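Colleague: Before I set anything up on this model, I would like a close look at one part of it, the sheet, and at what surrounds it.

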Amino acid sequence: PAADPAAGHDALLFRAFMKQKITVLGSTGSIGTNTLDVVARHREHYEVFALSAATQVDLMLRQCAEFKPAYAVMASAPHAKLLAEQLRSNGLATEVLQSPDALEQIASHPEVDAVMAAIVGAAGLAPCLAAARAGKRLLLANKEALVVGGALFMDTVKRHGATLLPIDSEHSAIFQCLPEDRASWPDRVDSLLLTASGGPFRLRDPATLSEITPEQACAHPNFSMGRKISVDSATMMNKALEVIEARWLFDMAPDKIKVVIHPQQIVHSMVQFKDASVLAQLGTPDMRVPIACGLAWPRRIASGAAPLDFAKLSALTFEEADAVRFPGLHLSWQALRASEGTTAVLNASNEVAVAAFLERRLAFDRIHAVNLRTLETLLPPTLGSLDDLLALDAQAREIAHTMARQWQLQ
Ligand code: NAD
Ligand code: MG
């Protein structure tokens, strides 16, 4: 059969040359602000259609003044009201949407071409699915949405002809290394090698992990990121989520996804082919690179990141992940081998445990204990719809809360 002209590389390229209207979900966060930084460098190609945030009204107001979106969404009614008042008193025309499905509306609006999904956690799943159902170009930073959504997420993307582009730096790297002809992957690709920084506690005595404070966990060596992903990087649960993310994005068997520690974060990930040849993607650790790559793909645009200076580069080193120090990493493969929905349980539990740690109610090394106990306690039922998934997510959160209370710090 003839290839679908609307789905091919040429169509993508053609569309990438037209001015794109963008919705940024989570615009006040680390990925959101980096996205707007790249967009601001290419105003002739990108126009901001809508922005969304949880609570940061002041920053949202400044973003509305700079990018003049048609719509803005805040997660809670009081923040939405405050933003609407401030927009009015500053003479700005952005309309604040307040309905319960406002995020889905701005993600699927007919005028929108591309959606940057940069909300943190499972809260981003419903708008991601809305964008996919509307056949949008979906730039996915929100890895938890895919970890929870799994097969349902990927089916929705496929069925509605959406274009899913990874923003997570490792997955962007793999995407760039893989052949464009997806059908040829089974014949050509042997395995995926995800690199991991090892986080701030790679060399710390495992016996002292219980003393780690939120401030120490959020001080990542190479990146400034949101607090949740910073803690996930410190426990390596971030890499566990990324293994699951890679399984779905690239339709790869779990045992063909490997993790290697690479503290300098210059090699962002690699693909090993059947003949043992390895392709890697390199660059300075700056999220604007994968963001620019996703925004413009298959074109390339300036990201604002500094190019690599090989003359000044220190040694690139690689080592095996320490299973004692990072017991959470292996939960990814275990959850992928278990029944469908187990990865959603793992994600929900981890969100609850990380929040408890950040609020100083739970010791750092208990995050893994909560996740393990929640996985042992809850056997996922058969899943069909988004509602089934959200019900499972809620149930897992309840169990994780109980576990976290049991180990609550005094
Ligand atoms: P962040 O905490 O800095 O920002 C999160 C954004 O989502 C903020 O705008 C916040 O207002 C909004 N938000 C939070 N909870 C919400 C809710 N319940 N409803 C609606 N909006 C909500 O986080 P981040 O570091 O930018 O990460 C965002 C996502 O990107 C995460 O899934 C993370 O894993 C992923 N990611 C981040 C990086 C990075 O370098 N920061 C790299 C790779 C992937
Ligand atoms: Mg990553």
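How many strands form the open sheet, in what order do they run, and is the pairing parallel or antiparallel?

Modeller: This is a predicted model, in which local features need pLDDT of at least 70 and side-chain atom pairs count only at pLDDT 80 or more, while totals for chains, interfaces and linings use all residues. Residues are numbered from 1 along each chain as its sequence is written, chains are lettered from A and ligands numbered from 1 in the order in which they are written, and side-chain values use heavy atoms, with hydrogens and water left out.

The open sheet has 7 strands in the order E4-E3-E2-E1-E5-E6-E7, with parallel pairing. Strands (E, at least two residues) and helices (H or I, at least four) are DSSP runs numbered from the N terminus, and two strands pair if DSSP finds at least two bridges between them. Strand E4 (95-97) and strand E7 (163-166) are at the edges with a single partner strand each, so one side of each has no neighbour in the sheet. On average, neighbouring strands are turned by 25° against each other, direction ignored; axes are lines fitted to C-alpha atoms, for helices over the stretch in contact, and angles run from 0 to 180 degrees between N-to-C directions.

Strand E1 (residues 20-25) pairs with strand E5 (residues 114-117) in the parallel sense over 4 bridges. Thr23 has Val115 of E5 as its bridge partner. Helix H3 (residues 57-67) packs on the sheet and touches strand E2 (46-53) and strand E3 (71-74), and its direction makes about 165° with that of E2; contact means heavy atoms within 4.5 Å. In the loop between H3 and E3 lies Lys68, which has a positive phi of about 50° although it is not a glycine.

Next, the ligand. Ligand 1 is surrounded by 22 residues, the closest being Thr28, Ile31, Ala54, Glu144 and Gly226; a residue is near a molecule if one of its heavy atoms lies within 4 Å of it. Helix H2 (30-40) and helix H7 (143-159) each supply at least two residues of this shell. For polar contacts (pairs of N or O atoms within 3.5 Å), a polar side-chain atom of Thr28 lies 2.7 Å from an oxygen atom of ligand 1. A backbone N or O atom of Ala54 is 2.8 Å from an oxygen atom of the ligand, and a polar backbone atom of Ala141 is 3.4 Å from an oxygen atom of ligand 1. Taken alone, ligand 1 exposes 820 Å², of which the protein buries 84% (Shrake-Rupley method, 1.4 Å probe).

Technical notes
A polar contact is a pair of N or O atoms within 3.5 Å; within protein, one must be able to donate a hydrogen and the other to accept it, and residues adjacent in sequence count only if both atoms are side-chain atoms.
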